[in-house]
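Here are my notes for your read-through. Please keep the model open beside them and check each point as you go.

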Amino acid sequence: MTTLRVSTIIFFLSLCFCKQDCLAQKITISSNNRYLQAEGTPFFYLGDTAWELFHRLNREEATEYLQNRAKKGFNVIQAVVLAELDGLNTPNAYGDLPLIDNDPTKINNDYFEHVDFIVNKAEELGLYIGMLPTWGDKFNKKWGVGPEIFTPENAFIYGEIIGRRYQNKPVIWILGGDRNIETDEHKAIIKAMASGIKKEDKGNHLMTYHPMGGSNSAQLFHEEKWLNFNMFQSGHNKQNIPNYEFNLSNLRLLPLKPTIDG
């Protein structure tokens, strides 16, 4: 099986597990704005990161991976459409690149049919896809491969395309991709992408932002209406990180929104 950069992430929300029959239901925010729910039942977000799932695995390998995670009790799989590891210029397992001429307004349908297959397989197994439209190096290279391809204008159109394509699928939108907002242009790109997605998926799915290690989406976008819940990232290779500080800080903010350690 092709090697994946996979790390287990467990999100503790002090909630009970959803019953199996709620896994295909729409996830929303509770009436008190403190947790995620599915048809009124608290939803315990037990996620696994498979960032390169769409990019590196063929369909047999992806199916094996998803079946394995479903059997272990995971309910969310986080994966990136425009992947981190040279996701624009290194083709997927079937030789397909995601975009035509690295233009976010011109998707390669062959690549996205493979994404469709994985999303549909996850749905069959009762799994949600935590879908990152792009890794952060595509709008804020900072490190990694890039290249930076997004502008506010094409980010909106790309958001429309993927929002329309997955509007009826069990996805949770996760913008960002291990990058913070450092310029007005970066902020405009993310806001435009969020607007494009929301326009076409009719608000059917929750949306959040995945920042860099040691950072918190609330510091970047808390007051934005498209940000349904906050996500912070503890970071890697550190011990005894005081995660409670982000949680307590976010709990004091208005409007109140749930917080997840991503």
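1. Start with one aromatic cluster: it is formed by Tyr-209, Phe-221 and Trp-226. Bear in mind that this is a predicted model.

2. How many aromatic pairs does the structure hold? There are seven. A pair of aromatic rings is described by the distance of the centres and the angle of the planes.

3. Take Tyr-209 and Phe-221. Their ring centres lie 5.1 Å apart. Their planes meet at 55°, so the pair is tilted. This pair links distant parts of the chain. Tyr-209 sits in strand S11 (residues 207–209), while Phe-221 belongs to helix H6 (residues 218–221). Twelve residues separate Tyr-209 from Phe-221. Tyr-209 and Phe-221 are both buried.

4. Now look at Phe-150 and Tyr-158. They form a tilted aromatic pair, with 5.5 Å from centre to centre and 55° between the planes. Are Phe-150 and Tyr-158 buried or exposed? Both are buried.

5. Next, the helices. Helix H3 (residues 109–124) packs with helix H4 (residues 152–165) at an angle of about 45°. Their axes are 12 Å apart. H3 and H4 are therefore oblique to each other. The crossing of H3 past H4 is right-handed.

6. Which residues make this contact? From H3 come Asn-109, Phe-112, Glu-113 and Asp-116. H4 supplies Tyr-158, Ile-162 and Arg-165. By class, the contact of H3 with H4 has three nonpolar residues, one polar residue and three charged residues.

7. One residue ties two points together. Tyr-158 takes part in the helix contact, and Tyr-158 also pairs with Phe-150.

Definitions and conventions:
Residues are numbered from 1 along each chain as its sequence is written. This is a predicted model: local features need pLDDT of at least 70, side-chain atom pairs count only at pLDDT 80 or more; totals for chains, interfaces and linings use all residues. Side-chain values use heavy atoms; hydrogens and water are left out. Axes are lines fitted to C-alpha atoms, for helices over the stretch in contact, and angles run from 0 to 180 degrees between N-to-C directions. Helices (H or I, at least four residues) and strands (E, at least two) are DSSP runs, numbered from the N terminus. Angles under 35 degrees count as roughly parallel, over 145 as roughly antiparallel, 65 to 115 as roughly perpendicular and the rest as oblique. A crossing is left-handed if the near helix is turned anticlockwise from the far one by less than a right angle, and right-handed if clockwise. Contact means heavy atoms within 4.5 Å. Ala, Val, Leu, Ile, Met, Phe, Trp, Tyr, Cys and Pro count as nonpolar, Asp, Glu, Lys and Arg as charged, and the others, Gly among them, as polar. Rings of Phe, Tyr and Trp (its six-membered ring) pair if their centres lie within 6.5 Å; planes under 30 degrees apart count as stacked, over 60 as edge-to-face and the rest as tilted. Buried means under 20% relative accessible area, exposed over 50%, partly exposed in between (1.4 Å probe, protein chains only).
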